[in-house]
Amino acid sequence: MYNAKAVIFGILIFVGLCASPFWASFIGRDYKSTDIVLPKNEKNCIEDADFMRSQHMRLLNEWRDEALRNENRVYTALDGKKWVISLQNTCLKCHNSYEDFCQKCHVANSVYPYCWTCHIIPKGGK
Amino acid sequence: MLEKLLTAQKRYYVWLLFLLCVITGCGLVYLQQLREGLTVTGMNRDVSWGLYISQFTYFVGVAASAVMLVLPAYFHHYKQFKRMIIFGEFMAVAAVIMCALFIVVDLGQPQRMLNVMLHPTPNSVMFYDMLVLIGYLGLNIVIGWTTLEAERLDTDPPKWVNPLIYISIIWAFSIHTVTAFLYAGIPGRHYWLTAIMAARFLSSAFCSGPSILLLLLLIVRRLTSFEPGGEAVKTLTTIIVYAMCVNVFFYLLEIFTVFYSQIPVHEEPILFLFAGHDGQLSWVSYWMWVAVGMAFLSLILLIPPQWRTNPTLLPVALVMLVAATWIDKGLGLLIGGFTPNMFETVTPYMPTGREIAVALGVYAVGALVLSLLWKIALSVKKDVNAFSD
Amino acid sequence: MNKSRRSFLKTAGISAFALSSGIAEPANEAYAKLAPGRYTRGETALTAKRWAMVVLTREFKTPQDYEPLIKACHSAHNVPDIAGRQNIKWLWLDAYAHVFPDDMNSHLDEYTRAASYPLLCNHCSNPPCVRVCPTQATYKMEDGIVAMDYHRCIGCRFCMAGCPYGARSFNFMDPRPHLANPAPNPTFPTRMSGVVEKCTFCAERLAVGRFPACVEASDGRLLFGDLENPSSDVRKALANNYSIRRKPSIGTQPGVYYII
């Protein structure tokens, strides 16, 4: 191979850089819980916690389309409980602390949704 | 063929560096626009499209105009254009890239632009515009690159390119027609609601695009001794003259219908463009009259064969033609469409400095793409001794 | 290749094509839901086949009479107050000559000519804004309301070029600095820079059984109801009075009627 040494060396550096998150995790701290503070006034979320944890963003998308396009503004959960479809007026009623709930997980996962440029966070917030 | 870019004269790299500096500077202005919103532009509630969209429209025309070389060469086997064709195709590539960028800088939420594909909407002309522009970009890149490669290897281009070339000819007409449909199907915008819009767009494109191409090639001839071919230049100039005559004719048709029918809402935009408002000329009126003057002057210089073959008069005439069509389509079209506004009152629009800077940045990107592609084409032509007769 | 395998591949191929091309998700129709629950209308929601508004213009004596309506609308929807021509308007006033330019004559009676008329989105039956929108960010609902999904809007402003009534406003800048803090209506979102907005006939209020904010604030001088229902207020008013609509000749079929 032409310039084999340099090429192989380059590939090694490239692979090393690409895998850098793994190396970083070896020396870095262990995973720490995000310490989100759950709402006090309500025990159960709309659906079970696993579903909410992994699917809340998709659920919100579906809620938005149902409410805005089909005018279906009520969601009946599996347990039969009815919820008014509204991020600002339903979700944030219980999850009323942006800093202690939304932000903790979003920051830990490096996602920065911009819901709050329009939806008003209760109690001042951002 | 990319390696051709590595062997150029110093002044070529200085030129590229200059373009990169312009792009960076204007890019910073665009970042400011991203942060503050489109409030940095002169657009407003009543004139909601401005310089960006008008430049987009103009450069769709420039992109489509490549067909004025491709069509004679492939439908009529006009050999003289063969040497120039690659430059037309590569100019189309640069122009389509500029179009895309002009759309992006005009968007309020550019990070969501893929929503157009995510939620395809067949009733929106903009959806089709996106499709035809992407298609045209692809066609020209593939055709241009493959035929140039074949020329470099001194073989015939592969057979599969031919159908693509024929498609690209039809496609060129479609991109500017669809762009005209963006405007011509809107009820209530009287200046735009005219069936001749697409025909006007095409005629103005087919005179201005080849003029720009010819002017650029004359500069290239100065710089590199590349010879586009005397016969080819003559034929292209003839095409330009006919297209410009048709273009002016179409505009006069518009004037006749509007002013003979005397329907006020149809008269008002044109009156505003040429006579301003309340006895007060608007800034665009001066430009429009300059355009009228230059359109006719360019025709006077281009119609007599002994003048249009004159090497000093030709560039002058072409520059005037390009300026006239640019003012008509790049200023008048949008301002006339939005003035008077929906309440039959006048809301002034003037692009801001920052708006012009962002537009210049897009121009610089176009120039950069063009410089890179043309350099490759020129080097290949030089290698295979296709530089002159 | 056996038959079942072939048919499986065929189905799979077609479904893959349908999914990828979006055919499987026709706009506004039921598609595979993610959530395990059900979606329904609210029990108190007001419904209609075609919502429409009638403005009893003679009942408004001065432009000030409209002020409470505008205030109710703009504070219910957190509409910012921006100076200059990059402003946002959902409900506003203009003169007869600008509202009904086609109906202007030089000898129009002084009262009609001098009066102010309220302008808002006409919620057309045949809305050009919906026709031109490349992302379905603006769309017509079953009940005739032309609505906006600000999440999907890319800010191309084609709808503003398309709207013959100048009813749409673009957020040229972040609206929040131009709003009171806290926002006038904490239960309604604001908008963000770079999206288009307009009157929504208060779809969010109809959903909970309330009439639009401007109608509520009008003391019965704005009528709101189902145009398809012959016994509705709007139909009765239209049956008994001479009414006009803005720019009827362009075929958009506005849903806002003016009794002059």
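**Terms and the values behind them**

Modeller: Helix H11 of chain B (residues 283-302) holds 20 residues and reaches 29 Å from its first C-alpha to its last, close to the 28 Å expected at 1.5 Å a residue; the expected span is 1.5 Å times one less than the number of residues. This is a predicted model, in which local features need pLDDT of at least 70 and side-chain atom pairs count only at pLDDT 80 or more, while totals for chains, interfaces and linings use all residues. Residues are numbered from 1 along each chain as its sequence is written, chains are lettered from A and ligands numbered from 1 in the order in which they are written, and side-chain values use heavy atoms, with hydrogens and water left out.

Biologist: Which residues of H11(B) are buried, and what do they pack against?

Modeller: Buried means under 20% relative accessible area, exposed over 50% and partly exposed in between, with a 1.4 Å probe and protein chains only. Among the buried residues of H11(B) are B:Val284, B:Met288, B:Ala291, B:Ala295 and B:Leu302. The buried residues of this helix pack against helices H9 (230-261), H10 (264-275), H12 (305-308) and H13 (313-338) of chain B, where a contact means heavy atoms within 4.5 Å.

Biologist: How many helices and strands does chain B have, and why is the chain called as compact as a globular protein of that length?

Modeller: Chain B has 14 helices and 0 strands; helices (H or I, at least four residues) and strands (E, at least two) are DSSP runs, numbered from the N terminus. The radius of gyration of chain B is 21 Å, close to the 21 Å that the globule rule gives for 389 residues, so the chain is as compact as a globular protein of that length. The radius is taken over C-alpha atoms, and the rule is 2.2 Å times the number of residues to the power 0.38. Buried residues make up 58% of the 389 residues in chain B.

Biologist: What makes C:Arg157 count as buried and C:Asp219 as exposed?

Modeller: C:Arg157 has 1% relative accessibility and therefore counts as buried, whereas C:Asp219, at 68%, counts as exposed. C:Arg157 has a positive phi of about 65° although it is not a glycine, and is found in the loop between strand S6 (146-148) and helix H6 (158-162) of chain C. C:Asp219 has a positive phi of about 55°, again without being a glycine, and is found in the loop between helix H8 (213-216) and S9 of chain C.

Biologist: Which are the edge strands of the open sheet in chain C?

Modeller: The sheet has 4 strands in the order S9-S2-S11-S10, with mixed pairing, and two strands pair if DSSP finds at least two bridges between them. Strands S9 (222-226) and S10 (243-244) of chain C are the edge strands, since each pairs on one side only. S2 (residues 51-56) and S11 (residues 256-259) of chain C pair in the parallel sense over 4 bridges.

Biologist: Where in chain C is the pLDDT below 50?

Modeller: The pLDDT is the predictor's confidence in each residue, from 0 to 100. Its mean for chain C is 89, and 88% of the residues of that chain reach 70 or more. Over residues 18-30 of chain C, however, the pLDDT is below 50. Where pLDDT is low, the predicted coordinates should not be read in detail.
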